[in-house]
Amino acid sequence: MAYRFPSEEWIKEYQRVINSSEDYKKSGATWTAGPVCLVVSANPSVGLDKEIGIWLGLLKGICEEIKIVTLEEAQKAPFVITGDYARWKQVVLGQLDPIQGMMQGKLKLKGDLPTIVRYVRASQDLVKCASKVDTQFADE
């Protein structure tokens with residue numbers, strides 16, 4: 001069953017995949033820097049009339065909490081990564097590494113870049129998890 005990105009169903013499946021990933025359990029084992037919020041910019045052409053935040057409550061290799069939040073709520077996270085729908089689609093499909101995307105200005109980071117860079121492997125494992133979610137994109 002394909003899950004529409006981004007939706008409540010998609011994020012719940014993403015959390016399930018993260019928490020079943022042995023690779024992420026190892027690579028994220030020392031992460032205690034707080035939640036990460038992924039913000040998908042508004043794009044009415046794909047049905048996103050406003051920004052959507054995906055709050056990832058990550059701690060020591062597990063995703064304790066995941067939820068869709070408003071942009072205002074998203075900005076309260078210590079790490080906020082913002083991009084347009086097309087960029088997040090590339091990330092989910094495994095075509096864009098989020099760290100490289102931040103370095104190239106394709107994704108914007110609010111938060112401490114050196115902390116994020118220390119967790120490149122964890123970031124890559126989270127992307128692998130996203131790519132394992134059977135995803136339906138609004139523009140396909």
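Trainee: So buried means under 20% relative accessible area, exposed means over 50%, and partly exposed is in between (1.4 Å probe, protein chains only). Which is Ala-74, buried or exposed?

Mentor: Ala-74 counts as buried because its relative accessibility is 0%. Keep in mind that this is a predicted model: local features need pLDDT of at least 70, side-chain atom pairs count only at pLDDT 80 or more, and totals for chains, interfaces and linings use all residues. Numbering runs from 1 along each chain as its sequence is written, and side-chain values use heavy atoms, leaving out hydrogens and water.

Trainee: Where does Ala-74 lie?

Mentor: In helix H3, residues 71-74. Helices (H or I, at least four residues) and strands (E, at least two) are DSSP runs, numbered from the N terminus.

Trainee: What does Ala-74 touch, leaving out residues up to four places away in sequence?

Mentor: Cys-37, Val-39, Trp-55, Val-69 and Val-80. Contact means heavy atoms within 4.5 Å. Take Trp-55: 19 residues separate Ala-74 from Trp-55 in sequence, yet their C-alpha atoms are 6.9 Å apart in space.

Trainee: Let's do the core. How many residues are in the largest nonpolar core?

Mentor: That core has 39 residues. A nonpolar core is a set of buried Ala, Val, Leu, Ile, Met, Phe, Trp, Tyr and Cys residues joined through side-chain atoms within 4.5 Å.

Trainee: Which residues have the most contacts inside the largest core?

Mentor: Phe-5, Trp-10, Tyr-14, Ile-54, Leu-56, Leu-58 and Trp-88. A separate core has seven residues, including Cys-37, Val-69, Ala-77 and Val-80.

Trainee: Pick one for me. What is Leu-58 in contact with, beyond its neighbours within four places in sequence?

Mentor: Leu-58 meets Tyr-24, Trp-31, Gly-34, Val-36, Cys-63 and Leu-126.

Trainee: On to the sheet. What is the order of the strands?

Mentor: S4-S3-S2-S5-S6. This is an open sheet of five strands, and its pairing is mixed. Two strands pair if DSSP finds at least two bridges between them.

Trainee: Which strands stand at the edges?

Mentor: S4 (62-69) and S6 (108-110). Each has a single partner strand, so one side of each has no neighbour in the sheet.

Trainee: And S3? How many bridges join S3 to S4?

Mentor: Seven, with S3 (residues 52-59) and S4 running antiparallel. Leu-56 sits opposite Ile-66 of S4, and Leu-59 faces Ile-62, also in S4.

Trainee: How many bridges do S2 and S3 pair over?

Mentor: Five, again in the antiparallel sense. One example is Leu-38, whose bridge partner in S3 is Ile-54.

Trainee: How many residues of S3 are buried?

Mentor: Seven of the eight, so S3 is largely enclosed by the rest of the structure.

Trainee: What do S3 and S4 form?

Mentor: A hairpin, with two residues between the strands. Lys-60 is in that turn. Its phi is near 50 degrees, which is a positive value in a residue other than glycine.

Trainee: Which is Lys-60, buried or exposed?

Mentor: Exposed, because its relative accessibility is 54%.

Trainee: New topic: H4. Which of its residues are buried?

Mentor: Helix H4 covers residues 85-92, and Tyr-85, Trp-88, Lys-89, Val-91 and Val-92 are its buried ones. Looking down the axis of H4, they fall within an arc of 160 degrees, so they line one face of the helix. The arc is taken from the directions from the helix axis to the C-beta atoms.

Trainee: What covers the buried residues of H4?

Mentor: The cover includes strand S1 (3-5), H1, strand S2 (36-40), strand S5 (79-83), helix H7 (120-132) and strand S7 (135-137).

Trainee: Loops, then. Where is Ser-21?

Mentor: Ser-21 is in the loop between helix H1 (8-19) and helix H2 (22-27). Ser-21 counts as buried, because its relative accessibility is 10%.

Trainee: Last one. What kind of peptide bond joins Phe-5 and Pro-6?

Mentor: A cis bond, with omega at about -15 degrees. Pro-6 belongs to the loop between S1 and H1.
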